[in-house]
Amino acid sequence: MASFVRTKRVYEKPEPCDGIRVLVTQYWPRGVPRESVGEYVRALAPSRELLHAYRSGQVTWEQYRERFLAEMRGESQMAELHRLAKIARSEVITLLCVCDEEEKCHRWLLQTLVSGFNEDQ
């Protein structure tokens, strides 16, 4: 079954092709109006501790990735991943975060997780 999961920065202009815009950050980003986001799913954000450790250089991207994926195995996180995967079977969802570099952002990891659930079901 096809998966319709996109990613982009929350600061990019909303477009109709975004479908349901899902913000997955620990903090609401400054200057972002509430109406530009369809859902705010804090459970899929990295923990504050992990986010701080990564941003301050205490952990590498590889360590961050491993720890973030471990955090996503929690009960509430798994429930949200399954819920979004179900939606993405028939509708486009766009995962939003503030990071500039997508390849080193949790939204990219989440895209893989949500798409993976779609393939498994």
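1. Definition first. Buried means under 20% relative accessible area, exposed means over 50%, and partly exposed lies in between, with a 1.4 Å probe and protein chains only. By that cut-off D18 is buried, and so is K8.

2. Ground rules. This is a predicted model, where local features need pLDDT of at least 70, side-chain atom pairs count only at pLDDT 80 or more, and totals for chains, interfaces and linings use all residues. Residues are numbered from 1 along each chain as its sequence is written, and side-chain values use heavy atoms, with hydrogens and water left out.

3. D18 sits in the loop between β1 (5–9) and β2 (20–23). Helices (H or I, at least four residues) and strands (E, at least two) are DSSP runs, numbered from the N terminus. The relative accessible area of D18 is 0%, so it counts as buried. Contact means heavy atoms within 4.5 Å. Not counting residues up to four places away in sequence, D18 touches R6, K8, K13, V92, I93 and T94. The side chains of D18 and R21 are joined by a polar contact of 2.7 Å. A polar contact is a pair of N or O atoms within 3.5 Å; within protein, one must be able to donate a hydrogen and the other to accept it, and residues adjacent in sequence count only if both atoms are side-chain atoms.

4. Side chains of opposite charge can pair when their charged atoms come close. A salt bridge is a side-chain nitrogen of Lys or Arg within 4 Å of a carboxyl oxygen of Asp or Glu. The whole structure holds seven salt bridges. D18 forms one with K8, the closest N and O atoms being 3.1 Å apart. This pair links distant parts of the chain: D18 is in the loop between β1 and β2, K8 is in strand β1, and they are 10 residues apart. E15 also forms a salt bridge with K8, at 3.2 Å between the closest N and O atoms. K8 has 5% relative accessibility, so it counts as buried. E15, at 39%, is partly exposed. Salt bridges link R6, K8, E15, D18 and R21 in a network.

5. A second site. E39 forms a salt bridge with R83, with the closest N and O atoms 2.6 Å apart. E39 is in strand β3 (residues 39–40) and R83 in helix α3, 44 residues apart, so the pair links distant parts of the chain. Both partners are partly exposed: E39 has a relative accessible area of 22%, and R83 has 30%.

6. Nonpolar cores. A nonpolar core is a set of buried Ala, Val, Leu, Ile, Met, Phe, Trp, Tyr and Cys residues joined through side-chain atoms within 4.5 Å. The largest has 24 residues, of which L44, F68, L84, I93, L95, L110 and V114 touch the most other members. At least two residues each come from α1 (48–55), α2 (61–71), α3 (75–88), β4 (93–97) and α4 (106–120). The largest share, five residues, is from α3. Apart from this core lies another, of five residues, including V10, L23, V32 and L96.

7. Helix α1. Its buried residues are L50, L51 and A53. Seen down the axis of α1, they fall within an arc of 165°, so they line one face of the helix. The arc is that of the directions from the helix axis to the C-beta atoms. On the other side of α1, E49, H52 and R55 are exposed. What covers the buried residues includes α2. Just after α1, G57 takes a positive phi of about 85°.
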